[in-house]
Amino acid sequence: MQIPWRAAPRAALSSPLTLLVSLVTALLLSFVVAAAVLHSGASGSAAIAYHADRLCAESLRPNLESKIRHAQVLSALDDLKSTLGDQPMLPAFYTAEARTDFGGRPTYAKFGYRPGATDHLKVLEGGGKDGLWVPKSIAVTTDLQLGKRGMGGVLPPVTAVYEDVRDPLDPWWCSERQYVVPNPISARLDSVTAVVWMPTAESFAALPPAVTAQASVTVRFPGPVPQTVDEADALVSAGTARLEKYRAQGVRVNSPLTLPVDNARETVGNVRSAILPLALISLLIGLAGVATVTAQWAQRRHAELWLLWVRGSGPAALGGRALLELGLPLVAGGALGLVAARLLLPVYAPSTALPPGSAGNAVLAVLVVVALSLVIVWSTTALRAHRAFQKAATGSRARRVLTALPWELVTAGLAVWSWFRVRDSGFSATTQIGGLPRIDAAALAFPLLVVLTAALLAARLARWALKASHRAALWRRPAAQLAIRRLAAAAGPVTGVLLVGVLAIGTIAVGSGIAGSQQTALADKSGIYTGAESTVRLVDKVELPPELRGNSTVVGMAQVEENIALVVDPDTFNDGAYGEDIDRALLAQPLRIGDAPRGEVSMPGLPRFDPRAHLPSFPKLGTAGWVVPIDQVPDEDGVGSWYVWSAKPLGELTTALAAHDIRYRNSIERTKAVSGLPFLTIQWTFGFVTAVGVVLAVVAAIALLLAIEVRRRQNAVSGAFSTRMGLRPAALLSSHLLELGALAVAAVVVGLAASTAGSRIAVPRLDPAPRLAPGTEVPNMAPLFTATVVGSALVVLVAAWIAVRAVRTARIGELIRG
Amino acid sequence: MAEHVLRLHGVGVEYRTPAGVVTAVSEVSLDVPAHGITVLAGPSGSGKSTLLRVLSLVERPTRGGVELRGTGTARLSSGARRALRRTEIALVFQNPADNLVAHLTVGDNLRAAAQAAGRTTTPDELLDQLGLPGTAAWKVNALSGGQQQRLAFGCALARGASVVLADEPTSQLDSRSADLVLETLADLARRAVPVVVASHDPRLIALADTRYDLRNGALAA
């Protein structure tokens, strides 16, 4: 290799700025691409984590549920052990409810055996592990004493009384909910059906026939929670294969992760296809940045390239010369971008668990991007050399064509097409029971296309305006005139910075707006759906215990088919209900909610009422129903059902109720009431959009600062010339502030306007659960707008300071150099 | 050895500009002898530099042809013309800095020039001959303008080119530095290296063995 090529990597050190810009450009480019790959992979893991959180940890793997004859219990246990070998396994056996006699008042009880059950119960009395463990509810009902032997002495002695298991359940009990949580209003309203735990499988097997017709068997497989889609898939496959023998025998095999795995895969596909357009746009911008850096490099190395050309080097060799000088910073930047994408995963991605192969794919994507960057460097230099040295210089036809093409019309057309997809998007149509709604990636692209169209349009209008700006004669305001001339003289970089600036601001605003709207919608819809943070249905209407006063309310519900009327206590309703407080005066009269028919209403258990007041929506009712104040209900017992609505978490609510022996059922938590995955998918997608917007904003800011630094000498010469002609330093500063401020204001105004328009049109349609009130709305964007304005102002101030400093610190030699 | 190293036959050069077609050189025919200094003299804008680019095979004429050592170049591909430039032609520019690779040392500049022509050189020996002894390890910007221009001719020597072409080699130098360049040119002529110089410097024109005067892109009568 000849010396100029061999020395090229070291020559890069002669221009630290070019080195830095190349490195940062490649860093941002590879960050975006690697982050896109990692983000979409992580979204699958987040979907799995979301489902795993809503399911029971011990029943995530395929598991068994069956009924067997009680006599088969021990043989079934042996068969399980021999079939499943060393596989960690947690079997449980339950008898059906049966009348049981513990010597006192007869009661109904279930007997159960689950290895380790006594380790996960709260002992109230006793604690010996060689006898029966009886729940408090039964102990109280039957006035049970420790040491008593039930069923005429057939049962082992009672050695412990434990506190009933209640919602929210300890994870160890989660999978056994239907068996272990006392049912306070089973067929025997005077009793409960909690489990009496036997000390061993043998003792369970030895239960007398009077209480053992059939036994319910559950076999769960505890183990680590899968972190990724592939891990979950592997668990499902392995578990299904392991239990195939039992399936063939007609035993029910539950596989709760099967649908989540499908959903997670669908989520990955949705997120990937939704972020793909933006990633491609960012890739193109990044590659254009690499081409610009190369063009500036070629301009700076023009003399050397010309010398090498004259000495017989061709375009390809000169491209290689560029590659050898700029290649290393590009490769280093690519590597740093990859590392940054991995390290910042917790910041921008919904999960830090990456499926196997994700990191490899990210490396591959970065390699492709770095390779593309290197090709761009080589081809840009080779083409410039060909055009400048080999072919008569007639200007680039391709460039003229590219500039003249109405790209904004193309993107506007795509935006219109995308709008039709938004309008018809079937967010509410699920593909299968429990499955995800169809999420149309093209529809999600609509707000981004609006921003892109606005950015391109702004860039074209700016170019036209700058072209025509020579007509502006504002010499009475020299600062303004100089600002216009400077902008016009740098029309290319100015429109480039404007384009990226609008795109950055618009992307951040769209991303934050839509992600925020989904987050708020999920919270509000869940809140409206449940009515409160947590709710339980009371067996009997009771007064609230002291712990729940001030944070809960009792609500009655009368229902005929889909028509619902709530009975509320105006004094306490706002304490427990979800959402903003409702005027107490409104609650003190019958209310018609949303689309409910006007006129007199008759509901079972309620007096006829004629609501005159109206509210558009109401907790639990959504947008249809009625509300009656409790003081207008003469017979509270006639109301269909009563609930406690609480602003407290479910655990606190049930603890308080249990402490006062208040019987309840049907506990619901707001956070788990509505499947949030569709909301989260859109939120994750636009979260990434925001991250890319931040990267673009950094690009725009650096490009602006670099553009100022690159034309340092022009600024110095013109500034020195102007000040010697009498321009005051303050006027010079205001001139630069005007120049850069105009650019920033244009970027901020167009970016925010386009993003606001796009978001406001799209958000109401991007509602994964339109049947649940309230609809999706753009959240308050004022803080973001303020931050954008402040950030832009800071960049402008720094850039203006750099420009003015160039004038103040310019050396004489710099000013007089030819 | 051919009697003429370069010959032009009816060469014309035109440029398309937004204002229309501009004729830079019209119907120039001349011969460059295989020895001595040939000077293309004329005022600024007379077409000297354009003609030099045509002679150095950097630019294709709009009309006419260029012969290098008796071989026509009109039908040669760009690659073939580059190959000829690599081995047969050395071009020295007006601005001394443009003739050298700024980030290389003086010695490496000579080596690089030789390598481009597929040759090797001994920088110290050549630098002694150029009157720049002990500068091989220097950065080129440590040399004065005149020294840089001498080094540029040294690069031409290192390349072993059939002909050295120089465009206004003294125009950006002070008189003392220009003297150094004139000495170098005379030295090249003594070494039987044909030199073509475009210049309006009277002292350089006085060195000419062959002289062509250009006026408005054409040879003066």
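Let's start where the chains meet: 15 residues of chain A are in contact with 21 residues of chain B. Keep in mind that this is a predicted model. On chain A's side of the meeting point, helix 1 (3-6) and helix 13 (302-310) each supply at least two residues. Helix 13 of chain A gives the largest share, with 4 residues. What kinds of residues does chain A bring to chain B? They divide into 7 nonpolar, 6 polar and 2 charged.

Now stay in chain A and find helix 20 (residues 446-467) and helix 29 (residues 729-762). Two packed helices are described by the angle between their axes and the distance between the axes. Here the angle is about 150 degrees, and the axes are 8 Å apart. Angles over 145 degrees count as roughly antiparallel, and helix 20 and helix 29 of chain A are therefore roughly antiparallel to each other. Their crossing is right-handed. Among the residues making this contact are Val450(A), Ala454(A) and Ala458(A) from helix 20, along with Val750(A), Ala754(A) and Gly758(A) from helix 29. The contact residues comprise 12 nonpolar and 3 polar ones, with no charged ones.

Over in chain B, look for an open sheet of 4 strands, in the order 2-1-4-5, with antiparallel pairing. Strand 2 (20-33) and strand 5 (71-72) of chain B sit at the edges with a single partner strand each, so one side of each has no neighbour in the sheet. Strands of a sheet pair through backbone hydrogen bonds. Strand 5 of chain B is joined by 2 bridges to strand 4 (residues 63-68) of chain B, and the two run antiparallel. To see them face each other, find Glu67(B), which stands opposite Gly72(B) in strand 5 of chain B.

Key
Residues are numbered from 1 along each chain as its sequence is written. Chains are lettered from A and ligands numbered from 1 in the order in which they are written. This is a predicted model: local features need pLDDT of at least 70, side-chain atom pairs count only at pLDDT 80 or more; totals for chains, interfaces and linings use all residues. Axes are lines fitted to C-alpha atoms, for helices over the stretch in contact, and angles run from 0 to 180 degrees between N-to-C directions. Angles under 35 degrees count as roughly parallel, over 145 as roughly antiparallel, 65 to 115 as roughly perpendicular and the rest as oblique. A crossing is left-handed if the near helix is turned anticlockwise from the far one by less than a right angle, and right-handed if clockwise. Two residues are in contact if their C-beta atoms, placed from the backbone, lie within 7 Å. Ala, Val, Leu, Ile, Met, Phe, Trp, Tyr, Cys and Pro count as nonpolar, Asp, Glu, Lys and Arg as charged, and the others, Gly among them, as polar. Two strands pair if DSSP finds at least two bridges between them.
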